[in-house]
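Please study the sequence and the three-dimensional structure shown below. The paragraphs that follow treat the contact between the chains, then their symmetry, and lastly the sheet.

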There are 2 protein chains.
Amino acid sequence: MDLNRLSVNTATLGEVPIKEAVDLLARAQVPAIGPWRHDLGPVGATGAARLIRDAGLQVSGLCRGGFFTKDQYGNRGDNHRAVDEALEIGAKCLVVVSGGLLQGSKSLPFSHEAIRNGLALLLDYARPLGMPIAIEPLHPMYAADRCAINTLGHALELCDGLGPGIGVAIDAYHLWWDRNLAQDIEKAGKQQLITAYHVCDWLVPTQHLLLDRGLMGEGVIDLKNLSQMVGGAGYSGFVEVEIFSERLWSKPPERIVQEVMDAFTFYV
Amino acid sequence: MDLNRLSVNTATLGEVPIKEAVDLLARAQVPAIGPWRHDLGPVGATGAARLIRDAGLQVSGLCRGGFFTKDQYGNRGDNHRAVDEALEIGAKCLVVVSGGLLQGSKSLPFSHEAIRNGLALLLDYARPLGMPIAIEPLHPMYAADRCAINTLGHALELCDGLGPGIGVAIDAYHLWWDRNLAQDIEKAGKQQLITAYHVCDWLVPTQHLLLDRGLMGEGVIDLKNLSQMVGGAGYSGFVEVEIFSERLWSKPPERIVQEVMDAFTFYV
């Protein structure tokens, strides 16, 4: 993949202050950044926006809003703040993760219903402000506690009744295993719903449910094929590298950026 | 669930010799056992068959065959031995796990094809001998290295072209998150394909991809509802409790059996 499509998610760099992350990426001529809200740090969205703009970086997306099942108001206050921050830093979208089972409930159908309602409320706020929402289905191993939307097909169904202003974030790590992925990507493309595309790799063995993701090429995901599908479906935006990996984080941040760029060039 | 439906998988008891496992279950008046092949131990299938018969236990299923993607012969020799052992101990079915990606390949479609071929070859051997094969879809977190069949829908599709002599093993742990589960169970019932039903629970948080499963009631799976669906679809066979849990294994085996019986009565 051409490096002019690269965005680096701040989580990939480990615990690095936003100023350092921005400087690092700008020096390496990485064109875009994908910040986590908690990584904006003490300078906040306003300060981060200035740093990012001054460095000439673009923002692929802001991570993240959602968690609609957290309370009976669909986590509204926090989600409105997330939209405001996304606008402030000029993000191309706000990435949203749905939340898992409703507090104290074992019912997936009820939780799915609450997610739909929360998403609708969030869109009422985000749509007039012009901030696109990208719903990101996560791997089924997060269904209980993080995200009960676990396939692209399910995310597309949600979009169906709720658009405009909503699309999907396709993350290789979460979706690679799904035998319906190719057809769902095609469908998402036809409806122009592909709003973000994230890459990393699935390691064998995987040692930890959260913090053992691989650099592209280290694992089993056929990323070139996936990129071709996503591109073939019409997506031409940034490709964001988001890797949670204690192994990677043990390296100096400059080294991480270099390895990400190499892997992006050869394996995505 | 009534205790006369209970089968205890030997993996639930930890590292216990087969004789001790059989004695424990018989003493507790558990009607059935679900042995792993490696748990048959030095007495082998012949010795275990005698122990189980003498104790008056039934065998819900033998774990396990499969791993069709291991070599170009669909792991044939080992799978034939598995069928022979299942026959010898009088198992109601041989539980089969498909295997993950083909060695050195990143192609899921090729791997699915190899699985279908391996399964067809296994059926050629098992069908005339009268040993039913139960294909068990595993959770997507095992797609790469253990099982690339990750939904009941996919397993049913495999059965479709390969029957008779094949059915599905429905395991709550692996499938609970799937929003299509209810409709697929109904479909499986209509085609009389439900050959085994396994239960345990999904813990929040889950600390380990393999060894942190919960006793029924400890986690988030709506097991009563699932049991109702499986029963409603016509399955009336044994309900096998299969729990890989280092926490559980730290307890004395008699205690494990008691806790399993209590949880089975209250939460399944």
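**Contact, symmetry and sheet**

The contact takes 23 residues from chain B and 23 residues from chain A, where two residues are in contact if their C-beta atoms, placed from the backbone, lie within 7 Å. The model is predicted: local features need pLDDT of at least 70, side-chain atom pairs count only at pLDDT 80 or more, and totals for chains, interfaces and linings use all residues. Residues are numbered from 1 along each chain as its sequence is written, while chains are lettered from A and ligands numbered from 1 in the order in which they are written.

How are two copies of a chain related? They are related by a rotation about an axis and a shift along it. Here, chain B is superposed on chain A by a rotation of 180° with 0.0 Å of shift along its axis, at an RMSD of 0.0 Å (least squares on the C-alpha atoms of residues with pLDDT of at least 70 in both copies). This is the relation of a two-fold axis. Both copies use the same surface, as 100% of the contact residues of chain B recur in chain A.

Within chain A, nine strands form an open sheet with parallel pairing, in the order β3-β2-β1-β9-β8-β7-β6-β5-β4. Strands are DSSP runs (E, at least two residues), numbered from the N terminus, and two strands pair if DSSP finds at least two bridges between them. The edge strands of chain A, β3 (58–59) and β4 (62–66), each pair on one side only. Strands β6 (residues 133–135) and β7 (residues 166–171) of chain A run parallel and are joined by three bridges. A:Ile135 has A:Val168 in β7(A) as its bridge partner.

Methods:
Helix = DSSP H or I, 4+ residues; strand = E, 2+ residues; numbered from the N terminus.
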